[in-house]
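Please read the following note with the structure open beside it. The numbered points may be taken in order.

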Amino acid sequence: MSDTTPTTDSPGFDEMARDIAEVPAVEVIVTVAVNLMSAAAVKLGLTENGDEHKDLDEARKLVHALAGLLDASTTEISSFHAAPLRDGLKSLQLAFREASLVPDEPGQGPGEKYTGPVFG
């Protein structure tokens, strides 16, 4: 085990567990989704320094994971939370399709296994 791995003997572990216990599941799901969206946007080159971090293989994985998370949590989060996340996912899927030199067939793009084909 590394020196940075928290254990139940680590100072602050109980406090961290208590903090996590107070966070509703919806907030955890939304936070993870936003982190996936942000990382995918970076890997798609949609940030200020665009091409510096562009990596479509990595972006595909992140967009696919985001789609899977949103699909799995559909019944767990309200449409108030889900609607903007789905819109963000679709924007990322369209950006991926636009950035690809050889576009995927409809329904074969990242996350389309969960969302169905995405068109502009």
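**Notes on the predicted model**

1. The side chain of Glu112 comes within 2.6 Å of the backbone nitrogen of Gly107. This is a polar contact, that is, a pair of N or O atoms within 3.5 Å; within protein, one must be able to donate a hydrogen and the other to accept it, and residues adjacent in sequence count only if both atoms are side-chain atoms. Glu112 belongs to helix H5. Helices are DSSP runs (H or I, at least four residues), numbered from the N terminus.

2. The model is predicted: local features need pLDDT of at least 70, and side-chain atom pairs count only at pLDDT 80 or more, whereas totals for chains, interfaces and linings use all residues. Residues are numbered from 1 along each chain as its sequence is written, and side-chain values use heavy atoms, with hydrogens and water left out.

3. The mean pLDDT (the predictor's confidence in each residue, from 0 to 100) of the protein is 90, and 91% of its residues reach 70 or more. Where pLDDT is low, the predicted coordinates should not be read in detail.

4. Is Glu112 buried or exposed? Glu112 counts as buried, because its relative accessibility is 4%; buried means under 20% relative accessible area, exposed over 50%, and partly exposed in between (1.4 Å probe, protein chains only). Leaving out residues up to four places away in sequence, Glu112 touches Gln93, Arg97, Glu105, Pro106, Gly107, Pro117 and Val118. Contact here means heavy atoms within 4.5 Å.

5. The largest nonpolar core has 21 residues, of which Leu44, Leu66, Leu70, Leu85, Leu89 and Leu92 touch the most other members. Helix H2 (25–43), H3 and helix H4 (79–99) each supply at least two residues of this core, and the largest share, seven residues, comes from H2. Such a core is a set of buried Ala, Val, Leu, Ile, Met, Phe, Trp, Tyr and Cys residues joined through side-chain atoms within 4.5 Å. In soluble globular proteins, nonpolar side chains tend to be buried together. Apart from neighbours within four places in sequence, Leu44 is in contact with Lys54, Leu56, Ala59, Leu92, Ala95 and Phe96.

6. About 200 Å³ of space lies in the largest pocket. Its lining has 15 residues, and Leu70, Arg86, Leu89, Tyr114 and Thr115 are the closest to its centre. H3, H4 and helix H5 (112–115) each give two or more residues to this lining. On a 1 Å grid over the protein atoms alone, a pocket is an open set of points with protein on both sides within 12 Å along at least five of seven lines, a cavity is a set where a 1.4 Å probe fits but cannot get out, and lining residues have an atom within 4 Å of a point. Grid points are joined across faces, edges and corners, and a volume is the space filled by probe spheres set on the points.

7. There is one cavity of 30 Å³ or more. The largest cavity holds about 40 Å³ of space, and its lining includes Gln93, Phe96, Arg97 and Glu112.

8. Thr75 is found in the loop between H3 and H4 and is exposed, because its relative accessible area is 70%. The side chain of Thr75 makes a polar contact with that of Glu76 (3.2 Å).
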